[in-house]
Amino acid sequence: MSSLNPFEPSDLFVTQNINLDPFTENFPLFFYLEYLIFHPNYFFKSSETSNYTDYNTHQRVSGYIMGKVEGSQEYHSHISAVTIDKMYRRVKISSNVLLDCFKKISDHISKVKFIDLFVKCDNLLALSLYEKIGYKVFRRVVGYYDVNGPQNLKRPNDDALDAFDMRISLERDNGESLKNGGKNSRCLAENIVFT
Ligand SMILES: CC(C)(COP(=O)(O)OP(=O)(O)OC[C@H]1O[C@@H](n2cnc3c(N)ncnc32)[C@H](O)[C@@H]1OP(=O)(O)O)[C@@H](O)C(=O)NCCC(=O)NCCS
């Protein structure tokens, strides 16, 4: 059974194997520390007990989620990364443990209107996970993952470079922050501003 605990700075040294996954967001060290300092409620890990011997047990990090709260009129929480160790996938750790807890904190403690996140358009597993638990595509962000500079809205969709901005509406919002047909609504990252 998974246990949930706050992420600690030293966990950065035992999660490198998880971070090697090509779909896992990797950030500079200061970025993780900034989240730990300013948004500690939104940075936590799941751990599993592994038995080395009959007498020796050890807690192993199976995944983590990091996020923050932002916006004022559009007060919401944002998931910056969620990832699960390959050994522990498909047993609902992300959906029933990490994302569920993130939602409860967002809904009942911060009382934000919605949660949002960006997912690569070709990350079909993650897309199906989010859709299964109620997230809806709000818009396609053209070139969000393109490192080659400014983007042009006229270029065709490219699933490897574009992101879906997905949202789930919470109690305080009652669906107002969602829209239909989000997959066909395109924008550039620079146009994403929260009031
Ligand atoms: C995406 C990821 C977080 C899913 O974590 P997980 O704990 O294995 O997912 P869950 O067990 O909670 O799965 C929930 C649902 O997601 C979908 N899903 C997850 N893994 C899947 C797989 N390998 N094949 C097909 N569907 C899958 C299914 O709909 C699944 O429900 P089901 O098992 O009832 O069919 C994990 O694969 C991962 O860490 N990927 C790399 C990092 C990443 O892509 N993060 C998201 C970036 S936005």
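How far is an N or O atom in the side chain of Arg-89 from an oxygen atom of the ligand? I read off 3.4 Å.

I noted first that this is a predicted model, in which local features need pLDDT of at least 70, side-chain atom pairs count only at pLDDT 80 or more, and totals for chains, interfaces and linings use all residues. Residues are numbered from 1 along each chain as its sequence is written, and side-chain values use heavy atoms, with hydrogens and water left out.

**Shell.** I found 22 residues around the ligand, and Ile-84, Arg-90, Lys-92, Ser-95 and Asn-123 come nearest. A residue is near if one of its heavy atoms lies within 4 Å. H4 gives the most to this shell, six residues. Helices (H or I, at least four residues) and strands (E, at least two) are DSSP runs, numbered from the N terminus.

**Whole chain.** I listed four helices and eight strands, in the order β-α-α-β-β-β-α-β-α-β-β-β from the N terminus. The C-alpha atoms fill a box of roughly 60 × 35 × 30 Å along the principal axes.

Methods. A polar contact is a pair of N or O atoms within 3.5 Å; within protein, one must be able to donate a hydrogen and the other to accept it, and residues adjacent in sequence count only if both atoms are side-chain atoms.
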